[in-house]
Amino acid sequence: MEAFYSQILAVHVGAVFLSGTLFLTRAFAGNVFSASWTMAAPLRYLSYSVDTTLLTAALMLMTITHQAPFATPWLTVKVLLLIGYIVLGSYALKRGRTRAIRLICSAAAIALLLFVVSIAITHDPRGALSWI
């Protein structure tokens, strides 16, 4: 499986980009334009499929590199922030009772996602703030 590291990493990075773009599109269209198609079944299932691919690739990468969450500090922070992103994303897309709450949760979820990406790039739990 180590021979496929670069391909698995490419799938993982592509899935991160696709997942973030899909979330951003759905959150923006749903919250700003009140579009109803953002919660349509095909789009939700596409989102589930992309996120499943993302998680599968992440688990494969962890297996190849012998890194485990809660044993590697940057990976621990990344996983915890990912959970926060999922919760905020859920409130941004459907659980938020008001438009204002959904907009705030959307912005916070996007900020968390960008920070998770910065942690993944730097391999530092402080991510983009590692210069401080």
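Buried residues have under 20% relative accessible area, exposed ones over 50% and partly exposed ones a value in between, using a 1.4 Å probe and protein chains only. The model is predicted, so local features need pLDDT of at least 70 and side-chain atom pairs count only at pLDDT 80 or more, while totals for chains, interfaces and linings use all residues. Residues are numbered from 1 along each chain as its sequence is written, and side-chain values use heavy atoms, with hydrogens and water left out.

View 1. Helices (H or I, at least four residues) and strands (E, at least two) are DSSP runs, numbered from the N terminus. Along the sequence, the pattern of the chain reads α-α-α-α. Taken along the principal axes, a box of roughly 45 × 35 × 20 Å holds the C-alpha atoms of the chain. Of its 132 residues, 33% count as buried. A contact means heavy atoms within 4.5 Å. Of the contacts between residues at least 6 apart in sequence, 63% join residues at least 24 apart.

**View 2. Helix H4 covers residues 99-122.** The buried residues of H4 are Arg102, Cys105, Ser106, Ala109, Leu112, Leu113, Val116, Ser118 and Ile119. These buried residues pack against H1 and H3. Just after H4 comes His123, with a positive phi of about 55°.

**View 3. Ser47 sits in helix H2, which runs over residues 41-65.** Ser47 has 14% relative accessibility and therefore counts as buried. Leaving aside neighbours within four places in sequence, Ser47 makes contact with Leu22 and Arg26. Helix H1 covers residues 5-32.

**View 4. Ala57 is another residue of helix H2.** The relative accessibility of Ala57 is 4%, so Ala57 counts as buried. Not counting residues up to four places away in sequence, Ala57 touches Ile8, Val11 and His12. Ala57 and Ala10 are 47 residues apart along the chain, and their C-alpha atoms are separated by 9.2 Å.

**View 5. His12 belongs to helix H1.** With 11% relative accessibility, His12 counts as buried. Residues in contact with His12, leaving aside neighbours within four places in sequence, are Leu54, Ala57, Ala58, Leu61 and Lys78. His12 is also one of the residues that lie nearest the centre of the largest pocket, the subject of the next view.

**View 6. The largest pocket is lined by 46 residues.** On a 1 Å grid over the protein atoms alone, a pocket is an open set of points with protein on both sides within 12 Å along at least five of seven lines, a cavity is a set where a 1.4 Å probe fits but cannot get out, and lining residues have an atom within 4 Å of a point. Nearest the centre of the largest pocket lie His12, Val16, Leu54, Leu82 and Leu113. Of these, Leu113 is among the buried residues of H4, and Leu54 is among the contacts of His12. H1, H2, helix H3 (73-95) and H4 each supply at least two residues of the lining. The largest share of the lining, 13 residues, comes from H1.
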